[in-house]
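Good morning, and thank you for coming. Please take a moment with the sequence and the model before I go through a few of its local features.

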Amino acid sequence: MISQQSRHCTVELQALPSRIGQVRRIVSAQLRYWHLDPLIERAALGVTELLSNVHRHAEPDKTCTVEMELLLDRLTVSVHDHDPRLPVVQDADPFATCGRGLAMVAAVSESWGVRPHSETGKVVWFTLPASSAAVPKISPYDTGLTLDTGLTLDTAPPYDTGRRPAARGHRPEHAPARSAVAG
């Protein structure tokens, strides 16, 4: 469900590696639609780390909800799961291959936190600053096309980012990073 007026996006999923890659692409597409291209890499990295934690640690199941909300000049990305255990930032051994996810979320975000959600779950969230100059005003004449994915694509004239079009065969500067997770 995406509500253009409130700038809100919610995706429910099983935190499986193939789904994590799909959610990264949804987050990237939604931020492009909101004209927040500068936030794509950090938001995609943060949501990947939070979903990876659900995949590795959540009990009794891997069902979760990713929510993005743009209010004023702040993007909040949160992941709700059904495991009441709260995560802890760990000091990872220099040679460890895991254990740095929350530290990475803290490093790329403005703020982050965790709160219990009902009796059987929690919400882990992070925020990113979104300058008001990067967020165009919503016009009552703004139109969109809804696809089966639930994403709304802008059908208005392209938003001028001041960037030159990419040369043939080259990726544009604002293209999201490829997912490190299969899928």
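Leu51 is located in helix α2. The model is a predicted one, and I begin with the surroundings of this residue. Is Leu51 buried or exposed? Its relative accessibility is 0%, so Leu51 counts as buried. Leaving aside residues up to four places away in sequence, Leu51 is in contact with Leu13, Ala15, Ile20, Val23, Cys64, Val66 and Val79. Two of these names, Ile20 and Val23, will return when I come to helix α1. Leu51 and Gln14 are 37 residues apart along the chain, and 9.2 Å separates their C-alpha atoms.

I stay with helix α2, which covers residues 40-57, and turn to its partner, helix α3, residues 101-108. Two packed helices are described by the angle between their axes and the distance between the axes. Here the axes come within 9 Å of each other and cross at roughly 155 degrees. An angle over 145 degrees counts as roughly antiparallel, and therefore α2 is roughly antiparallel to α3. The crossing of the two helices is left-handed. Which residues meet in this contact? From α2 come Arg42, Leu45, Gly46, Glu49, Leu50 and Asn53, and from α3 come Gly101, Leu102, Met104, Val105 and Val108.

Next, helix α1, residues 17-33. Its 17 residues, at 1.5 Å a residue, should span 24 Å, and the C-alpha atoms at its ends are 25 Å apart, so the two values agree. Buried residues in α1 include Ile20, Val23, Val27 and Leu31, and also Arg24 and Gln30.

Just after α1, His35 takes a positive phi of about 60 degrees, although His35 is not a glycine. This residue belongs to the loop between α1 and α2. The relative accessible area of His35 is 16%, and the cut-off for buried is under 20%, so His35 is buried.

Ser118, also not a glycine, has a positive phi of about 55 degrees. Its place is in the loop between β5 and β6. Ser118 has 57% relative accessibility and therefore counts as exposed.

Finally, where is the cis peptide bond that I wish to point out? It runs from Glu59 to Pro60, with omega near 10 degrees. Pro60 sits in the loop between α2 and β3.

Note on methods. Residues numbered from 1 in each chain as written. Predicted model: local features only at pLDDT ≥ 70, side-chain atom pairs only at ≥ 80, totals over all residues. Heavy atoms only, no water. Axes fitted to C-alpha atoms, helices over the stretch in contact; angles between N-to-C directions. Helix = DSSP H or I, 4+ residues; strand = E, 2+ residues; numbered from the N terminus. Parallel < 35°, antiparallel > 145°, perpendicular 65-115°, else oblique. Left-handed = near helix turned anticlockwise from the far one by under 90°. Contact = heavy atoms within 4.5 Å. Expected span 1.5 Å × (residues − 1). Buried < 20%, exposed > 50% of the residue type's maximum accessible area, 1.4 Å probe, protein only.
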